[in-house]
Amino acid sequence: MKKQQLETFKKSLWVFHINTGSCNGCDIEIVAALTPRYDIERFGMMLVGTPRHADVLLITGPVMRQMKDKVKRVYEQTPEPKAVIVVGNCGATGGVFHESYNVAGPIDKLIPVDVYVPGCPPRPEAIIYGVAKVWLKLEKMGAKK
Amino acid sequence: MKKLTSEEIVQYYTDEFKEKIKDARIEKRSAGSKKKEFYTIWLKIDKSIFKEAVKHLCEIQFPHLAVISGNDIGENIELIYHFSLYYGERLEEISINISVEIPKSDPKIESICDIIPGALITEREIQEMLGVKVENIPDNRRIFLPEEFPKDVYPWRKDEKGPQKLVRDMYE
Amino acid sequence: MSEKTTYTLPIGPIHPALKEPVAFEFEIEGERIIGVDLKVGHVHRAIEWIGMRRNPIQILYLAERICGICNICHPLAFCRAVENIADIEVPERAEYIRTIIAELERIHSHILWAGVAAHEIGFDTVLHLSWAIREKVLDLIEYLTGNRITKAVITIGGVRRDITKDQYPTINEALNYYKENLGALKSVFLDDKSIQMRSKNCGILTKEDTLKLCAVGPTARASGVKKDVRVDQAYCAYGDLDVKPMTPDVVTGEINGDVYDRIIVRLLEVAQSVDLIEQCLDKLPSGDLMAEPKIPKLLAILKKTEGEGIGRAEAPRGEVIHYVKLDGKNEAPYTWRVRAPTYNNLLAWIPMLMGEQIADIPIVAASTDPCMSCTNRVTVIRNNKKKILDNEKLHRLSIEKTRRLSV
């Protein structure tokens, strides 16, 4: 059953992007990965408008207090199998905003994370490498079962 | 619209309000190879003539309000209104900063939204960040802080009402 | 009898280029908007509070990350404020290099906006075309400063990197590329019938409203109010160059203040920036790069300085102002106040959106180039039943309207 689900991953990954309060540097690099220079669309990956169609969640930004429940809700709305990628330094350890009164903590305290892509902001090549690592990790998980 | 130099503007204010102007100074800076100068005026006025001072400024030209900033100095709160005049003409703009001090025991000031409607957002912000009460403001809600933020905590203050207890270090 | 329905507008998470999320509440009659209410404030990261605990050099790196697109103007305004207080004289060569990097950033930001605006109307091809053109400017920025987005070249008292004579051929090649390709971008936007139908007489902001609401940047210039910090209070090298505030009557001969005029103003400014960079390269004087190259000495000077000052700069979206107060006892400033340009343009949305249709909301909101990251939702309340309309549906409504008009 799991092997059959991973077959769908081999064809194309649909990505949903959440911004939990970032400066938009990482968001621009994610959208730049779709444009003709880096062109991730030739692999069939595209940005979808709702988490119910998505396979992979891309999260940027340090999580603000207002966004805490919304991130959890989006995670629950995404159907299995799913993977979570954290883009940028802010979600991993806080980046420059590490001591602030409005930040609800790094993302791995709220939802389980599969891949971290560090950088401020990371280059589009690094983001594509991160998505490729998610692919390999899911294949390995499927092969073990 | 009247065309005055920066010294004449300061004179215009001291003629009208005399001793209620506590302090006035003019700063001059220059930039680039040709060293063209530009001026900044800093005025410190008494709280009682605040609204008339703003109306007085509107008689020269309708000003551009950039933002209101605030300082917490011990017993008082100092509010600084950053205006600028003569925009639109090459190398002619003069920045005017008017500062008012209000005591922490009675932090009230009048709203200027009836003269300059664009001041609404910045007045709402100083209300929630410093604990100042702006009278006759058209819209009293919070603007930047979340709903569940405690009511008595004012982030820009340096005394016990600051947000020290809410700070979380992400490394823990 | 008409039904009154209330909307709360969400701008979904797929948008790059925004700083604070905004929630609107509309009162709608049929398809027309008759009342607008504004709610902001979901990306409040407490930057000013963090800044009051760090020394001025650390604040430079914090100020860069206020916005990922206007990356030069925030550190530049902060440096000008501190230099005004401490009376530090910036060498001329550093002023010219600051001007060149600021204009490169303006080009990249306006072309990014052109792609986003086309995406809102429904032309995804133009989004890909303009972002492919934008890659050339990012290559040039990386060649000169080392990074695509967060450049970190500006420091208190000067700049950190130099532009040498053997870098000139690459710069000139990139500028020539832009001169050839801007014509293509202009004809796509200004001569296309569908874009004209969607954007003319849509989202009008009158000159009187612009003055009263203190709007700044291309939003104000498209309505006829010539506010431009580069012309009015020339900072860096702008006093020596030939800069004029751009208004739409250069191309069309009249000023309407609608979305079409804002597109014209931004495309004209890209051409103006290319011209300004060429002027700067011709006149680049020789000299030092920094007033005080040793950082510990600079921090020691700032620790003893006392005073307050403001610094203004012209970001791609309008006027940026920083207010700094140093108290002479600590390294960290006593007060730091930041005001980004979208702050002033938020209230201008209310007169622009009255009387428009729902399908026009994305293009009118995007035409002021807001710098906020948003995650709110749109709720439609009709006869006491709630229906959720998110960004995807609004975007689709906008595209369907374009298809209807072009048939």
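**Exercise 1. A residue in a loop**

*Solution.* Step 1: recall the cut-offs. A residue is buried if 20 or more other C-beta atoms lie within 10 Å of its own, exposed if 12 or fewer, and partly exposed in between, with C-beta atoms placed from the backbone. Step 2: apply them.

Before we go on, a note on the model: it is predicted, local features need pLDDT of at least 70, side-chain atom pairs count only at pLDDT 80 or more, and totals for chains, interfaces and linings use all residues. Residues are numbered from 1 along each chain as its sequence is written, while chains are lettered from A and ligands numbered from 1 in the order in which they are written.

Step 1: A:Asp39 sits in the loop between α2 and β2 (46-47) of chain A; helices (H or I, at least four residues) and strands (E, at least two) are DSSP runs, numbered from the N terminus. Step 4: look at its backbone. Most residues other than glycine have a negative phi. A:Asp39 has a positive phi, near 50 degrees.

**Exercise 2. A peptide bond to spot**

Which residue does a cis peptide bond join to A:Cys120?

*Solution.* Step 2: read omega. Between A:Cys120 and A:Pro121 it is about -5 degrees, and the bond is cis. Step 3: A:Pro121 belongs to the loop between β6 (115-117) and α5 (124-144) of chain A.

**Exercise 3. A helix of chain C**

Compare the span of α5(C), residues 124-145, with the expected value.

*Solution.* Step 1: the expected span is 1.5 Å times one less than the number of residues. Step 2: α5(C) has 22 residues and reaches 31 Å from first to last C-alpha, close to the expected 32 Å. Step 3: list buried positions; among them are C:Val126, C:Leu129, C:Ile133 and C:Val137. Residues three or four places apart point the same way because an α-helix has 3.6 residues a turn. Step 4: ask what covers the buried residues. The cover includes α2 (25-32) of chain A, along with α4 (92-121) and α6 (168-190) of chain C. Step 5: look past the helix end, where C:Gly146 has a positive phi, near 105 degrees.

**Exercise 4. The sheet of chain A**

Which strands of chain A stand at the edges of the open sheet?

*Solution.* Step 1: write the order of the five strands, β2-β1-β3-β4-β6, with parallel pairing. Step 2: β2 and β6 of chain A each have a single partner strand, so one side of each lacks a neighbour in the sheet. Two strands pair if DSSP finds at least two bridges between them. Five bridges join β3 (56-60) and β4 (83-87) of chain A, and A:Thr60 stands opposite A:Val87.

Technical notes
Two residues are in contact if their C-beta atoms, placed from the backbone, lie within 7 Å.
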